[in-house]
Amino acid sequence: MSFGLLEILPSPLKRELGWPWNKETDTNVYKDYIDWPKISVITPSFNQGRFIETTIRSVLLQNYPNLEYIVIDGGSTDETFEILKNYERNLTHWVSEKDEGQSNAINKGLEKCTGYIFNWLNSDDYYEPLALYKVAKAFLDNECDIVSAGERHFDERGNSLFRTGSTLKENFSETLYCGHIDQPSTFWKKDILDFLEGVNEKYNYLMDAELWVRY
């Protein structure tokens, strides 16, 4: 196995085993291509200190060779600031200041993104190993605007439910009522988000669904 960031990342505040604590994506997988497209990931956050270190490490330990990772925190009062300071040299950009909610945070991050592929990953979600490798390879191997993967949802007891990814129906009306977006596992070409002018800041909880309908 070829190692990447695991040995040089800060020691985690949590002492846990497994992914993404003492395991990482083997960097050898990226030998398939020389020019990997830049992936921009934004994590909007507010008082999610008990989760956000998992989120951050799951992004960084993808060992993706062309990653832009931005965290926009809304001025958390828990341990989030300490965690962000701990990882700041591994982040492309981060800020912790009052904002107007999740949608505003996403748009603030979008203004700083320069990647070809874009996703936002909330601070209580995380990527599984090889996630960014598989997404980038799907974009490289197919002519597409969006790549949507399956995603696993966990309840408070740790039980999981697998969902198969975002769906579009045959027409606008059916998509509006029956289609859905699995946002954490749906990756966009960044220029589409620019064309759509980001997420609608009137919404802080349904902005992903509203964005999907506009697309």
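**Pockets and salt bridges**

Reply: Let's start with the largest pocket, which holds about 1200 Å³ of space. Keep in mind that this is a predicted model.

Me: How many residues line the largest pocket, and which lie nearest its centre?

Reply: The lining has 34 residues. Nearest the centre are Asp 125, Tyr 126, Tyr 127, Arg 152 and Phe 154.

Me: Which elements give two or more residues to that lining?

Reply: Helix H1 (49-60), H4 and S6 do.

Me: And how does the lining of the largest pocket split by class?

Reply: There are 18 nonpolar residues, 11 charged and five polar.

Me: OK, what about the second largest pocket? How much space lies there?

Reply: About 510 Å³. Its lining counts 22 residues, with Pro 44, Gln 102, Asn 122, Asn 204 and Tyr 205 nearest the centre.

Me: Which elements supply at least two residues each there?

Reply: Strand S1 (39-45), helix H3 (102-110) and helix H7 (207-214). By class, the lining of the second largest pocket has nine polar, eight nonpolar and five charged residues.

Me: Switching topic. How many salt bridges turn up in the whole structure?

Reply: Six. In general, side chains of opposite charge can pair when their charged atoms come close.

Me: Arg 152 came up at the pocket centre. What does Arg 152 form a salt bridge with?

Reply: Glu 128, with the closest N and O atoms 3.6 Å apart. Arg 152 is in strand S6 (residues 151-154), while Glu 128 is in the loop between strand S4 (117-120) and helix H4 (131-141), so the pair ties together parts 24 residues apart in sequence.

Me: What's the relative accessible area of Asp 141, and of Lys 137?

Reply: Asp 141 has 42% and Lys 137 has 25%. Asp 141 counts as partly exposed, and so does Lys 137.

Me: One last pair. What does Lys 85 bridge to?

Reply: Glu 88, at 3.3 Å between the closest N and O atoms. Lys 85 is partly exposed at 41% relative accessibility. Glu 88 is partly exposed as well, at 33%.

Note on methods: Residues numbered from 1 in each chain as written. Predicted model: local features only at pLDDT ≥ 70, side-chain atom pairs only at ≥ 80, totals over all residues. Heavy atoms only, no water. Salt bridge = Lys/Arg side-chain N within 4 Å of Asp/Glu carboxyl O. Buried < 20%, exposed > 50% of the residue type's maximum accessible area, 1.4 Å probe, protein only. Helix = DSSP H or I, 4+ residues; strand = E, 2+ residues; numbered from the N terminus. 1 Å grid on protein atoms, 1.4 Å probe; cavity = no way out; pocket = protein on both sides within 12 Å on 5 of 7 lines; lining within 4 Å. Points joined across faces, edges and corners; volume = space filled by probe spheres on them. Nonpolar A, V, L, I, M, F, W, Y, C, P; charged D, E, K, R; others polar.
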